[in-house]
Structures are given as structure tokens and as C-alpha cells.
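Let's walk through this model together, with the viewer open beside the text.

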Amino acid sequence: MTAAANTTAHSIVEASPRVKTVAGALVIIYAVVAILPLLWIAVTAFKSQSDAIAYPPKVIFQPTLEGYVNLFTVRTRQTPDFIAGLPPATTWYDKLVRKHDMVIAGPSKVVPRFINSLVIGFGSTFLAVLLGTLAAYAFSRFRIPLADDLLFFILSTRMMPPVAVAIPIYLMYRQLNLTDTWTGMILLYTAVNVSLAVWLLKGFIDEIPREYEEAALVDGYTRLQALRKVVLPQAVTGIAATAIFCLIFSWNEYAFAVLLTSGDAQTMPPFIPFIIGEGGQDWPAVAAATTLPIVLFTILLRKHLLRGITFGAVRK
Amino acid sequence: MTAIIHPDASVDRIGEQTSSRVARRGRGLSDHGIAWLFVTPTIALLLAINIFPLIWMIRLSFTSLNLSMSYLPLRFVGLDNYADILSDEDLWVRLQTTAQFVISTVVLEMLIGFGLALLINRQFRSHSFWTTIILLPMMLSPAVVGNFWTLLFQPQIGPFNYVISLFTGIPPSSFSMTGEVALAPWTIVLVDTWMWAPYVMLICLAGLRSIPDYIYEAAEVDRASSWRQFWSITLPMALPFLMLAVLFRAIENFKMFDMVNLLTSGGPGSTTELVSITLKRAAFEKWRTGYSSALAIILFVTVFGAANIYVKALNRVKQR
């Protein structure tokens, strides 16, 4: 994989065991400290609302699924008499809610918001990777006039603060009836992601030797066939890495989402901070919503992060 | 890597080789056509979603448009908006706040990120597991993280002050990380560094791994000290990557909106009001579209100009 990993145990550049131990200890100390806030979030998801805001903060508590129930439902407070008059609670979550003199009034908006995040996230990722692959291939293999300027132009579109971009986009989308729609958000996120995708993928495609394609061309393949059968199979890991980066951006994006969506197309990030319980934010429910996607992303990413993050600048 | 060429292609088509050039032209698009076909959609999308709005915004920046009073006819005011902005002393303070935030975070993230990368590059046992753990904070949505840190920083119910009190003895409810003028600017730096030092670490790690082993082996043969090796091999050869990390983080933090907006929303007072937050208030709370367009243009020109100069410097370092 890397140059360092290829060296044998006898290599003279291999660190001594003592150095390794010290390095390891320092990294582990940093990792443990850095992970504590995330652990606190993960743990808060299983606290009751009063435990989550206990004074002083509670480390030991009775775990409960209230946070998840609150995340997925809307509840109303009722008098004890009213609740006594109801037929007995049949499900575990009904019982959990009634302990607090509440009844479930219906599902919360979290599922539609989650679906919005999925549709917008995957839709824009697919488009950005598709457009990005084509453009990156062209920049990598053909002589395009002003290629360097075009590439810088493509990258420079990321330098605008999102709040600044949102002003004209807001006006434009109002005219085109695209505010608060899936189409509008997918187009916007695609435009933001495609610049990253072109740069990343160009790095990956540059590394695939041209000889393979040229051999295929000599054998009578058309350019498009050569792209499909020779280049794409070799670029698969690069494309996967790019896709994950685009997905993380779309999934986590906040500024555009909060300024350009209000209901129908709202994604998770603007929604989560406004999960309100009685007397302020419902922290267990917020924590439950926060921790949902993180594990997934990290597992997907592990192998690809290093190359992806440097625009594919790392050579094998 | 193995060459993946269709197996039947090499044998069956040898006879056609002489005419392949002609055949290709007959069956498909020319290279030139494909190049344009492939690049055009991306350029068209960027023109529609980035450049056209940008031009529209330039036009609006010369008007007094206010969206809460959009019934008023569009009035051109020339350079008034720009004059207002450049003579606004508050705005210079916001820019200073932003600059301080960008510089502090970039310096801290570079130090921590590069330090961690050097350590991880020692390849101690289970280093890849701990690398993954360190990466976790940057996978979350900055807005959601900013929101959650408000709980962690609560003087009485949040754990952060208790941890500090454990080490220093300062009573936990005697200070508020997000509520005090002296602390709040450091609070946003702290959270940003926590979130993005891992990102810098990754880029630095990429840089360190791009240095071929034989250079160190040669230095070892010459009995160069490890201190000397660091300054004359490691640092210069990883420098392009370090500079790339500085560029990415500086641009990102100059644009910073989401995390800080939810963590402090610019407060207390306006001690953490970064320029993006000012812009958001002008554009989407006061609806001063003309004014905020002008501000957006000024910001864009600043970043674009600075990045341009920086990229030129970066290319010079790369060519060395």
C-alpha cells in the first residue's frame, strides 16, 4: 500500500520499539480525549430527558429508549384521569410515554426528513460522480483548450461562502419554483460537489496508464467502449472514494439547507437542532438523531480517506 | 495491477488493425467531440448554478433591493453599497474576528495534525484502529456538532466545565465557555480544532507517506541525526501537502457559518460574529439584498485573490 508498509522488519528506517511505544501512547491519549465528547453524545441518546440535563451531569444512569421514542413521535400531555380512561397501553413505547402523563399523537417529521436527506444526498452524489467522471476523463486524456484555467474555475466555485451563494440562488429558485424542492437541492449540491469530484477523479484517472486504453483502441474499440471496459473498471475505487466524500458533504450540509428549505425538502441537519421537548431541546432525541449516520460513514471511508482527501495526490 | 483488456479483442481483431482508425471514426465520435460532450454538462451546470447567480448578484449589488419591501421598484444606487460596507467600522471588526478565528484554527490544526501524523507514521501496533477513532469527529455535520456542544459547555449541566474543574480546581459553575466575552472566541477555535485537526492529519500523513524510504536509508548511512533528517528531508518533502492543508482549512474557515452559528450564534454580544454570520443576518433577516450582495462580492474577491496568490506559491514549492 504505502512505501513505509513495504519495508521489512529489518529495515533501518523502521522505528525502534521504544519510539513506537511512545508514539502509540501519545496518539492513544489524544484519541481518547477527542472521542469523549462523541461518547457523551452517544450515551445521552440513552438517557431520560431529566438525566440528560441533570445537575451535576450524570455519568451513571438508568438507560432508556425514551430518546428514540421521542425522536420518532409527537406527544401530547394529558391529565392522569384522561390516561386512566384510555384502553391499556399495548406497545412498549406507549407504556414508556404514558409514564410521563403523555400520549403519542402521531409520528414526528423525522422519517420524512430522513427520506429527504437520503434522496437529496444520493441523488446529488450520483449526478456529481457521473458528471465528474466524464469531465475528469476528458481533462485527463484529451487536450482541452485552457484546461488549467477551466480546472481552476471549477475549483474556484467552492470558494464562495455558502451564505453568499444562497442569496442569488434564493432569488433564482423563487422565480423557477425550485425553493424547497428535491430538484432544487439536488441541483445545488451537485454543483457544489462536482468541482470536488472532477479534481479527485482526475487524480485517480491520471494514474491509470494510457497504454491500456491505447491497446484497446488499436484492437478496434471505440473511445467509449475503451472508457467503459478498460478505464472505469480500474477507476472503481477512486469513484467509490469520491462518492463517499460527496455523500458526506450532502448529508451534513447546513447553510443551504436552512436558507433554501423550510418544510417539504428539509434535510436532517437543519431539523435536528429543533427537536424540542418540554422546556427546551430534547437532548436525548437530538443525540439519537446525531449518532445515526456516523458509524456508517466511517466504516465506508476508512480505506479511501487518505487518497481522497488530497485530490488523489498520493501515489501508490 | 493487471491490464484488463477484453480477452477476445487481441486475437480476433488483428486482421482489422490496419483499418481500425477508419473504422473508429465511422463507428463513434471523434476524440474532440467526446471531449466536449464530457466536459460540457459540468461546465453548463456550474454556469447555471454558480456563474449566472454570481453575475446576477453583481448586478444586484448596485441596487437598493430589499426583499422585505420588494414591491418597491428596483433602484440603482451605483457604488453606494460598496461605500457603505467599506466605511462600516463594525464590519472591519467582524473581519478581524474572522481573521483571528482563521489564523488560530489553522495554526492549531496544523500543529496538532502534523504532530499526530508524525506519530502515526511510526506504524505502532493498532495504529490504523486509532487513526479511525481520531477521524470520527469530522464525519458529523458541523451544525449538529455545534448544537450539541452547547450542551457540553453548559456551566452547570454540561460535562466540559466539570472536566476542567477536575484538573484545575476552578468551580465548574464559575465560568461559561459560550457566555463570556473573553472565552467565547477560544471556544469556537477549540471546537473547530477538535473537529478538523484529524483532516489536517490525513493530508500530512499522505505527505509523509509520499517520501520514499531510500532517502531516509541514505541519510541513515550518512549518520544524519533524526533531528537533521526531520529538517532536511521530512519537512521540505511534505511541505506541498502541508501548504495544501493550510489552503483547504483557511478557505473553509473563512466561509465558516454552520458550526459557529449554532454554537454561539455570534454571541455573546458580537464577539464571535464571523463575517458569514453578518452576511446571513443582512441577507436573510434584514433582507437587505443589495447591500449583502455587495458584501458577498467583496468577500469572494478577497478569498479568490488570496487563494490565487497562494496557489502560485504552492506550485513554486512543488516544482522545487
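What follows is a short tour, from the chain interface down to single residues.

This is a predicted model, in which local features need pLDDT of at least 70, side-chain atom pairs count only at pLDDT 80 or more, and totals for chains, interfaces and linings use all residues. Residues are numbered from 1 along each chain as its sequence is written, while chains are lettered from A and ligands numbered from 1 in the order in which they are written.

Start where the two chains touch. Here 92 residues of chain B are in contact with 91 residues of chain A, contact being C-beta atoms, placed from the backbone, within 7 Å. On the chain B side, helix 3 (residues 31-60) gives the most, with 14 residues; helices here are DSSP runs of H or I, at least four residues long, numbered from the N terminus. That side of chain B divides into 59 nonpolar, 19 polar and 14 charged residues. In this scheme Ala, Val, Leu, Ile, Met, Phe, Trp, Tyr, Cys and Pro count as nonpolar, Asp, Glu, Lys and Arg as charged, and the others, Gly among them, as polar.

One helix pair lets you see the two chains packing. Helix 2 (residues 17-44) of chain A and helix 5 (residues 89-120) of chain B have axes 9 Å apart, at an angle of about 135°. Axes are lines fitted to C-alpha atoms over the stretch in contact, and angles run from 0 to 180 degrees between N-to-C directions. The two helices are therefore oblique to each other, a word for angles that are not under 35 degrees (roughly parallel), over 145 (roughly antiparallel) or 65 to 115 (roughly perpendicular). A:Ala23, A:Leu26, A:Val27 and A:Tyr30 meet B:Leu116, B:Leu119 and B:Ile120, a contact with seven nonpolar, no polar and no charged residues.

Within chain B, helix 13 (residues 275-284) and helix 14 (residues 289-319) pack at about 155°, with axes 8 Å apart. These two helices are therefore roughly antiparallel. Their contact has eight nonpolar, two polar and no charged residues.

Helix 12 (residues 223-252) has a kink of about 55° centred on A:Val236. Most residues other than glycine have a negative phi, and most peptide bonds are trans. A:Asp180, however, has a positive phi of about 60°, and the peptide bond from A:Tyr55 to A:Pro56 is cis, with omega near -5°.

Definitions and conventions
Bend = angle between axes of the 7 residues up to and from the residue. Contact = placed C-beta atoms within 7 Å.
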